[in-house]
Amino acid sequence: MGKVNQMYMEVQEKIWDNLTEEMVGECENIGELYTKVRKACPEELGAVFGDVITSVCDEAWDQYWGAYV
């Protein structure tokens, strides 16, 4: 596995560490979740890896709300 891939996975893990099921359930739309997670993560993470935050939030949103459909 390359260094970039390893770094990407580490960033994803940090985001998952800051993301809770409760956060997802409290949000009325995905945009609210993006905002909450960006605030919960270290600032440098959001500035450089905004696309990763969006990706992780999308996955969490789908997992959480998919159970209700």
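The buried residues of H3 pack against H1, H2 and H5. Buried here means under 20% relative accessible area, with exposed over 50% and partly exposed in between (1.4 Å probe, protein chains only). Helices are DSSP runs (H or I, at least four residues), numbered from the N terminus. The model is predicted: local features need pLDDT of at least 70, side-chain atom pairs count only at pLDDT 80 or more, and totals for chains, interfaces and linings use all residues. Residues are numbered from 1 along each chain as its sequence is written, and side-chain values use heavy atoms, with hydrogens and water left out.

Which residues of H3 are buried? They are Leu33, Tyr34 and Val37. They lie on the same side of H3, because they cover an arc of only 105 degrees around the axis. That arc is taken from the directions from the helix axis to the C-beta atoms. At the start of H3, Asn29 places a side-chain oxygen within 3.0 Å of the backbone nitrogen of Gly31.

Now the core. In soluble globular proteins, nonpolar side chains tend to be buried together. The largest nonpolar core has 19 residues. Such a core is a set of buried Ala, Val, Leu, Ile, Met, Phe, Trp, Tyr and Cys residues joined through side-chain atoms within 4.5 Å. Ile15, Leu19, Val24, Leu33 and Val37 have the most contacts inside it. Two or more residues come from each of helix H1 (3–18), helix H2 (21–26), helix H3 (30–40) and helix H5 (50–66). H5 gives the largest share, 7 residues.

Take Leu19 as a way in. Leaving aside neighbours within four places in sequence, Leu19 is in contact (heavy atoms within 4.5 Å) with Val24, Leu33, Val37, Val56 and Ala60.

The whole structure holds 2 aromatic pairs. Rings of Phe, Tyr and Trp (its six-membered ring) pair if their centres lie within 6.5 Å; planes under 30 degrees apart count as stacked, over 60 as edge-to-face and the rest as tilted. Trp61 and Trp65 form a tilted pair, 5.7 Å centre to centre with 55 degrees between the planes. These two are 4 residues apart in helix H5, so about one helical turn separates them. Tyr64 and Trp65 have ring centres 4.7 Å apart and planes at 85 degrees, so this pair is edge-to-face.

Tyr64 is buried at 18%. Trp65 is partly exposed, at 30%.

Technical notes
Polar contact = N/O pair within 3.5 Å; in protein donor to acceptor, adjacent residues only side chain to side chain.
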